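Here are my notes on the aromatic side chains. Please read them with the model open.

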Amino acid sequence: MGVTPRKVGIAFTIREKFSWALESLKRLYRHTDTPFTLYVVDSIYPAPVRDDLTRFLADKENVVWIPSDRFLYPNQALNEAVARLKEPYVWLVQNDVLVEPGCGDRMLQAFEELRCDMVAPAVFEIQDGRLRDHHREIDDEIIVQVEDVVVVGYPNEAPREAGRRRVHHFELHSLMMTAEAARRVCPLPVLNTREHYDLAIQAWKLGMSVYLEDRSRATYVLPPIREYDCDYFRFRWDREEARRSYRAIEARWPDVVNLPEVSGYIDWLQRYLGSDQVLRADSPTPELPERLHPA
């Protein structure tokens, strides 16, 4: 049976840390007032996680399941959702992201006021029970043409419109796009890292306008990971694939300089695969910081 299109299609894609997927979905349903269609990209969810998601979504009539018989990178998962999208807006929410009340609704309001191509929420992170800004400094960096090269990370005061700051860098933990913009940038390339830089460069070269909606909040949960996360985590953060992805971005944008180096980031992530770091599958879910609204 088909699903009636709503105003927003939420592309719920795998990133990692599957144990947060149910909490992420609960928050989407509780904290989003605008009618939406949920596109769940199931890139081999661990059985206990898939069972939880299936039970929670069993009585929902706005769900499109997109199964896969293999692991997908986030870009690939988003491509799958956009290919099926029927709504005028697509909201990317990765499965380890917790949205705050009104997150999506306020981004839609920004679209209505600004007539822009993309809107990013303010992204926070949780690690060791603490809530903090997630790479907020990149919001102040822009992409510029300097003679015959394009410089990524050029510091400047970003312009504002209707009280919102125009940005050139944005994370892909959560991002809303018009369907038209999504189809212009998709299919996104197969990358396991630095995909946010690739999309930012493409959007800039296409002349797209992207704004930060500070009143929209999405929180990304950092590791540790659980036993059933490990296979995907190794796939997602493979060192050789990270080097290939970096070279692919360099080849795709030969005039771009100053792309951040990747090996140190992969090394930082790989340490979470240590036997003393991985949580058991049945470990209790860590408590959320008090500043985060409950689901």
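1. Burial terms come first: buried means under 20% relative accessible area, exposed over 50%, and partly exposed in between (1.4 Å probe, protein chains only). Phe71 has 23% relative accessibility, so Phe71 counts as partly exposed. Phe235, at 24%, is also partly exposed.

2. This is a predicted model: local features need pLDDT of at least 70, side-chain atom pairs count only at pLDDT 80 or more, and totals for chains, interfaces and linings use all residues. Residues are numbered from 1 along each chain as its sequence is written, and side-chain values use heavy atoms, with hydrogens and water left out.

3. Twelve aromatic pairs turn up in a search of the whole structure. Rings of Phe, Tyr and Trp (its six-membered ring) pair if their centres lie within 6.5 Å; planes under 30 degrees apart count as stacked, over 60 as edge-to-face and the rest as tilted. Tyr29 and Phe36 pair edge-to-face, with centres 5.0 Å apart and 65 degrees between the planes. Phe36 is buried because its relative accessibility is 5%.

4. Phe71 and Phe235 make a tilted pair, because their planes are at 45 degrees; the centres are 5.4 Å apart. This pair links distant parts of the chain, 164 residues apart. Phe71 is in the loop between strand 3 (63-68) and helix 3 (74-84), and Phe235 is in helix 7 (residues 230-236). Helices (H or I, at least four residues) and strands (E, at least two) are DSSP runs, numbered from the N terminus.

5. Which residues do ring pairs link into a cluster? They are Phe18, Tyr45, Phe71, Tyr73, Tyr232 and Phe235.
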